[in-house]
Amino acid sequence: MVVADELERALEQQYGPLHPYVVNMLSLRAAFTLRAVLAVDHGGDWYDTAELLTRTAVRRDEAGAQPERETRNTARNAHAAWRRLAKEDPEGAMELCEDVVKMLSRFGEEKRTQEILHWVEKTRMGSNG
């Protein structure tokens, strides 16, 4: 993953954040990261995965990346990763919830957005779940 991250940074420096080369590398890195974290039985880094998927979905949308279906799937995967994070690391999930909610709202994912907002409310009230 380090090589993909370095390549993405080099491409972004050369072409800018919305160039198709950069967006494709970011999308590839996000997909590989998700696969890697799913392959680990307990102990995968759900915080970094949720953050990367969230950033990827937003960047793909900003760039008008095709296919749009892949962008929506990335947004939904970000939500799923955030849900895993919320179970394993509520503090980390609380840190990311604003970005995930903004991203989901961007895609009209009202049900998923409301689920997170409900979790935040319950968590802040101390019932965790």
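Guide: Before we start, the expected span of a helix is 1.5 Å times one less than its number of residues. Keep in mind that this is a predicted model.

Visitor: How far does helix α3 reach from its first C-alpha to its last?

Guide: Helix α3 covers residues 46-63, which makes 18 residues. At 1.5 Å a residue, 26 Å is expected, and the helix comes close to that with 25 Å.

Visitor: Which side-chain oxygen sits by the backbone nitrogen of Y47 at the start of α3?

Guide: Look at the start of α3, where the gap to that nitrogen is within 3.3 Å. At the other end, just after α3, G64 takes a positive phi of about 70°. The oxygen at the start belongs to D45.

Visitor: What covers the buried residues of α3?

Guide: The buried residues include W46, L52, L53 and V58, and R59 and R60 are also among them. Their cover includes α1, α2, α4 and α5.

Visitor: How many aromatic pairs are there, and what is the arrangement of Y15 and Y21?

Guide: The count comes to two aromatic pairs. Y15 and Y21 have ring centres 5.1 Å apart and planes at 85°. Planes over 60 degrees apart count as edge-to-face, so the Y15 and Y21 pair is edge-to-face.

Visitor: And W82 with W119: how many residues apart in sequence are the parts this pair ties together?

Guide: W82 and W119 also form an edge-to-face pair, 5.0 Å centre to centre. W82 is buried at 1% relative accessible area, and W119 counts as buried at 14%. W82 lies in α4 and W119 in α6, so the pair ties together parts separated in sequence by 37 residues.

Note on methods
Residues are numbered from 1 along each chain as its sequence is written. This is a predicted model: local features need pLDDT of at least 70, side-chain atom pairs count only at pLDDT 80 or more; totals for chains, interfaces and linings use all residues. Side-chain values use heavy atoms; hydrogens and water are left out. Helices (H or I, at least four residues) and strands (E, at least two) are DSSP runs, numbered from the N terminus. Buried means under 20% relative accessible area, exposed over 50%, partly exposed in between (1.4 Å probe, protein chains only). Contact means heavy atoms within 4.5 Å. A polar contact is a pair of N or O atoms within 3.5 Å; within protein, one must be able to donate a hydrogen and the other to accept it, and residues adjacent in sequence count only if both atoms are side-chain atoms. Rings of Phe, Tyr and Trp (its six-membered ring) pair if their centres lie within 6.5 Å; planes under 30 degrees apart count as stacked, over 60 as edge-to-face and the rest as tilted.
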